[in-house]
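Visitor: I would like to learn how to read helix packing, pockets and annotated spans in a model. Where do we start?

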Amino acid sequence: MSIHIPNILLAIPRNPVTAVGLPLALGFFSGSHSSQVANSNWYAGLAAPPGRPRREVFPFAWTLLYVSMGYASHIAVKALDHTHLDVNRYIGLALIDSVLMTATTWYMTKLLDRPTDAKATYFLLPYCAWLGYATYLNAGTWWLNRQPKYRK
């Protein structure tokens, strides 16, 4: 079993400009609302734990994080271009990852049900079902291949 990553997810980070630019642009877009909240009286009146930086620090910190994540994706894709990612020997680890991801997603879906009047649940249930099915397939693959097969 090999990992298949769609071509578009590999094409964007191959170019360092798009690898850095896309997360930066999306971060800028999503941060525009956060900026309005950070400048509000509500935010200024919040009690904060010691060590919280001034609000002016966050745009610089997030910019650095988005640039770092984008460039890391560029480095990762370049490495994948030179190696073959094969997880046949790591089925057990993949199963643990799948179980944890499924459990976390189900928990978060349940947690978001009441505050969103079940609206988020309707959108997340297909994903939860898919994760459950993928975990079943992974568990079945692990179980059926747990003993090494020797050829004579």
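Guide: This is a predicted model. Two packed helices are described by the angle between their axes and the distance between the axes. Here helix 1 (residues 7-14) packs against helix 2 at an angle of about 105°, and the axes lie 5 Å apart.

Visitor: How is helix 1 oriented to helix 2, parallel or perpendicular?

Guide: Angles of 65 to 115 degrees count as roughly perpendicular, so helix 1 is roughly perpendicular to helix 2.

Visitor: Which residues make the contact?

Guide: Helix 1 contributes Ile12, Pro13 and Arg14, while helix 2 contributes Pro16, Thr18, Ala19 and Leu22. By class, the contact of helix 1 with helix 2 holds five nonpolar residues, one polar and one charged.

Visitor: Next, pockets. What is the volume of the largest pocket?

Guide: Rolling a probe the size of a water molecule over the atoms shows where empty space is left. The largest pocket in this model has a volume of about 520 Å³. It is lined by 17 residues, of which Gly31, Ser34, Phe58, Pro59 and Trp62 are the closest to its centre.

Visitor: Which elements give two or more residues to that lining?

Guide: Those are helix 2 (16-38) and helix 4 (57-82). Helix 2 gives the most, with nine residues. The lining of the largest pocket divides into eight nonpolar residues, eight polar and one charged.

Visitor: Which residues does the "transmembrane region" annotation cover?

Guide: The unreviewed UniProt entry places it at residues 58-77, 89-108 and 120-144. In the model, residues 58-77 are 100% helix, with end C-alpha atoms 28 Å apart. Residues 120-144 are also 100% helix, and their end C-alpha atoms lie 36 Å apart.

Definitions and conventions:
Residues numbered from 1 in each chain as written. Predicted model: local features only at pLDDT ≥ 70, side-chain atom pairs only at ≥ 80, totals over all residues. Heavy atoms only, no water. UniProt positions renumbered as here; feature names shortened; annotations may be inferred. Helix = DSSP H or I, 4+ residues; strand = E, 2+ residues; numbered from the N terminus. 1 Å grid on protein atoms, 1.4 Å probe; cavity = no way out; pocket = protein on both sides within 12 Å on 5 of 7 lines; lining within 4 Å. Points joined across faces, edges and corners; volume = space filled by probe spheres on them. Nonpolar A, V, L, I, M, F, W, Y, C, P; charged D, E, K, R; others polar. Axes fitted to C-alpha atoms, helices over the stretch in contact; angles between N-to-C directions. Parallel < 35°, antiparallel > 145°, perpendicular 65-115°, else oblique. Contact = heavy atoms within 4.5 Å.
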